[in-house]
Amino acid sequence: MPHSADSPNPRPPAAPGDRLARRLRAMRKERAWSLDRAAAETGVSKAMLGQIERGESSPTVACLWKIATGFQCSLSGFLVEWEPQTSDALFRTADSVRDRPASDDMLVAPLFPFEKRFGFEWLELTLLPGYVRQSEPHAPGVTEHLAVVQGAMEVCLAGEWKALKAGEAVRFAGDRAHGYRNLNADKAVCHNLIHYAAPAGAA
Ligand code: MN
């Protein structure tokens, strides 16, 4: 099979808000969840979920994480339209990986969005100075791998902040409360590989 790369001139993608609106509606329908139920599962207000579903709101990354966690699904599924890729080699261009709007204090670039057969998503996270986030536990069995590639940051594990600088890495159970922060004057960039446990009964 030939190598494949992101097309250099893709047709203009649907507005992120539209894609997100469709995705959220579809996932809620799949689960037959009311807006009330979705609000209870995600901790995001019913009003906000309604706005997102109508394409009226562009949620922050923090809000998207809450939604993904409540639905027990990957974050990248909300960020990009992605079909499983079957080519032997898949090259990703810098631009296509990083077409996220830069209006957040955490920038997420999905290097490799979630695919079921691999069971992980691989994200590049940029934490701007002052970024602090405490994360709800992800779905049971989720394991996070974090490698700092630029600057320095801290992760909160079992209630304790641990420093990590470029070149250092950590693996931890993502199904417990954890946090990320950057109290430095410069941005921190890390790779975050999130592995999801195989669904029960999967081969
Ligand atoms: Mn996390």
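Predicted model: local features only at pLDDT ≥ 70, side-chain atom pairs only at ≥ 80, totals over all residues.
Local features are taken at pLDDT of at least 70 and side-chain atom pairs count only at pLDDT 80 or more, whereas totals for chains, interfaces and linings use all residues. Residue numbers start from 1 along each chain as its sequence is written.

The chain contains six helices and eleven strands; helices (H or I, at least four residues) and strands (E, at least two) are DSSP runs numbered from the N terminus. Of its 203 residues, 24% count as buried, a residue being buried if 20 or more other C-beta atoms lie within 10 Å of its own, exposed if 12 or fewer, and partly exposed in between, with C-beta atoms placed from the backbone. Among contacts with a separation of 6 or more, 67% come from residues 24 or more positions apart; two residues are in contact if their C-beta atoms, placed from the backbone, lie within 7 Å.

The largest nonpolar core has 28 residues, and L64, A68, L75, F78 and V108 touch the most other members. Such a core is a set of buried Ala, Val, Leu, Ile, Met, Phe, Trp, Tyr and Cys residues joined through C-beta atoms within 7 Å. Helix α4 (residues 61-70) gives the most to this core, with five residues. At least three core residues come from each of domain 1 (16-79) and domain 2 (90-195), with bounds from an automatic or database domain assignment.

Helix α4 itself is mostly covered, with seven of its ten residues buried: C63, L64, W65, I67, A68, T69 and G70. The elements covering these buried residues include α2 (35-42), α5 (76-79) and β5. Just after α4, Q72 takes a positive phi of about 55 degrees.

Turning to the strands, β11 (residues 188-195) runs antiparallel to β4 (residues 120-127), to which eight bridges join it; two strands pair if DSSP finds at least two bridges between them. In this pairing, F120 stands opposite H195. Strand β11 is also joined to β6 (residues 143-150), again antiparallel, by seven bridges, and here Q150 has V189 as its bridge partner.

An open sheet is formed by four strands in the order β5-β10-β7-β8, with antiparallel pairing. Strands β5 (132-135) and β8 stand at the edges with a single partner strand each, so one side of each is left without a neighbour in the sheet. The twist averages 20 degrees from one strand to the next, where axes are lines fitted to C-alpha atoms, for helices over the stretch in contact, and angles run from 0 to 180 degrees between N-to-C directions. Inside this sheet, β7 (residues 152-157) and β10 (residues 178-181) pair in the antiparallel sense over four bridges, and E154 stands opposite R181.

Finally, the loop between β8 (160-165) and β9 (169-173) holds A166. This residue counts as partly exposed because it has 14 C-beta neighbours inside 10 Å. Not counting residues up to four places away in sequence, A166 touches V148, V149, Q150, G151 and A152. The C-alpha atoms of A166 and C190 are separated by 8.1 Å, although the two residues are 24 residues apart along the chain.
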